[in-house]
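Please take a moment with the sequence and the model before reading on.

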Amino acid sequence: MFVNGHTVMRWMETFAPARLAVPDDRIGLQLGTADKEVRAILVALDVTEEVADEAIAAGANWIVAHHAIIYRPLKNLRTDTPAGRLYEKLIKHDIAVYIAHTNLDAAEGGVNDLMARALGLHNCRVLETVYEEPLYKLVVFVPETHLEPVMDAVFDAGAGAIGEYSRCGFYAAGTGTFLPGEAANPFIGEAGRTERVAEYRLETIVPEPMVADVERAMRQAHPYEEPAFDWIPLRQTGRRYGLGQCGDLPGEVTLAELAEQVKKALDVDRVRVVGPLDRRVRRAAVLGGSGSRYIGRALSAGADVLITGDIDYHSAHDALAAGLCLIDPGHNAEKIVKRALADYLRKQAEAAASSTKVLASEVDTDPFAVL
């Protein structure tokens, strides 16, 4: 049994939700249809003709990629142009292309998270926030006999997480009153008679994406036909998602030593470095892709060095003058996400008892060579 494209899109939305993308980013299904079976998925950084050939050879009829194949509006669809030849090849071989770009950069386990982990950064914070998770307070009234089961149910469904703490909640005893109607089937009391019951007011915090799951779990564990509960939107927000991360290195090192660590951690054979090689650094910012415009953000976050791709000449001078070191491993360093994303999709396929295969592209799409 193969899953269809809608299932793959649901998996991707769970891993890298569209709400994490910057406005107007070109993400989602860019070519093909989600209404067909997916025999195999190829996870790639870029979609080139070589990657398309790799998908064809592997029998993959879906490509999940980081960089869009259609970024600017098309003026025509001529197959005698490089882009047109690529589209023609993909269409002729019935290969769909799904893009996760800045949402994959910002996601937990995405590009920036993986770069930070690879370098051992800790005490991390987001450089530029794209999305702050709204929080809701769940208030539910529970008979004292069912307080623990309802608490366990909502906590297991994702409620009660505050920073590094879990299962956070509050409850207080009180008395609940209700009058069951003639057609009611009350758990406690009788139809037509007002009841007074020892109850607890249970409160806990729930991130917006988990509201539906927590409410479902609460209703299933609650003994009443009609539980009394409220969802209260909160002014404070939960986890912040965005582009880039800044954190502390495992230990203070020289810029030259860190450059060698970056080459190994990100699997690149060269880096460009801005700053004195003997400068000692202890706090680093990382950002996959092009990060020249995040120099100010890195400085504000207290970074000694920014590790990012596509640094231009004038931005390098600006950083040097401001006292910020730079390490440029190239845009292609984002390839770190290929195997991690393929592993995630493979686990989803296995959990679904699906025959759909998942592969990470082996094609090196870096257009640069160093002579």
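A residue is called buried when its relative accessible area is under 20%, and exposed when that area is over 50%. The structure shown is a predicted model, and these two words are used for it throughout.

Begin with helix α2, which covers residues 49–58. Which residues of α2 are buried? They are Val51, Ala52, Glu54 and Ala55. Viewed down the axis of α2, the buried residues lie within an arc of 155 degrees, and so they line one face of the helix. On the face of α2 that is turned away from the buried side sit the exposed residues Glu50 and Ala57. The cover over the buried residues of α2 includes the strands β2, β3 and β13 (357–360), together with helix α3 (82–92). Just after α2 comes glycine 59, with a positive phi of about 75 degrees.

How many cavities of 30 Å³ or more does a search of the whole structure find? The search finds 2. The largest cavity has a volume of about 60 Å³. Its lining consists of Gly32, Thr33, Lys36, Glu37, Asn61, Trp62, Asp94, Ile95 and Ala96. By class, this lining divides into 3 nonpolar, 3 polar and 3 charged residues.

The second largest cavity has a volume of about 40 Å³. Val43, Ala44, Val64, Ala65, His66, Ala100, Leu104, Val337, Lys338 and Leu341 line this second cavity. Two or more lining residues come from each of β2 (40–44), β3 (62–65) and α11 (336–351). Helix α11 gives the largest share, 3 residues. The lining of the second largest cavity has 8 nonpolar residues, 1 polar residue and 1 charged residue.

Now turn to a single side chain. Aspartate 328 belongs to strand β12, which covers residues 325–328. Is aspartate 328 buried or exposed? Its relative accessibility is 7%, and therefore aspartate 328 counts as buried. Which backbone atoms lie by its side chain? The backbone nitrogen of aspartate 310 is 3.3 Å from a polar atom of the aspartate 328 side chain. For the backbone nitrogen of isoleucine 311, the distance to a polar atom of that side chain is 3.1 Å. Leaving aside residues up to four places away in sequence, aspartate 328 touches Arg270, Val271, Arg272, Thr308, Gly309, Asp310 and Ile311.

Most residues other than glycine have a negative phi. Arginine 167 is not a glycine, yet has a positive phi of about 55 degrees. The loop that holds arginine 167 runs between α6 (147–156) and β6 (169–178). Arginine 167 counts as partly exposed because its relative accessibility is 41%. Aspartate 267, also not a glycine, has a positive phi of about 55 degrees. This aspartate is found in the loop between α8 (255–265) and β9 (272–274).

Conventions: Residues numbered from 1 in each chain as written. Predicted model: local features only at pLDDT ≥ 70, side-chain atom pairs only at ≥ 80, totals over all residues. Heavy atoms only, no water. Helix = DSSP H or I, 4+ residues; strand = E, 2+ residues; numbered from the N terminus. Buried < 20%, exposed > 50% of the residue type's maximum accessible area, 1.4 Å probe, protein only. Polar contact = N/O pair within 3.5 Å; in protein donor to acceptor, adjacent residues only side chain to side chain. Contact = heavy atoms within 4.5 Å. 1 Å grid on protein atoms, 1.4 Å probe; cavity = no way out; pocket = protein on both sides within 12 Å on 5 of 7 lines; lining within 4 Å. Points joined across faces, edges and corners; volume = space filled by probe spheres on them. Nonpolar A, V, L, I, M, F, W, Y, C, P; charged D, E, K, R; others polar. Arc of directions from axis to C-beta.
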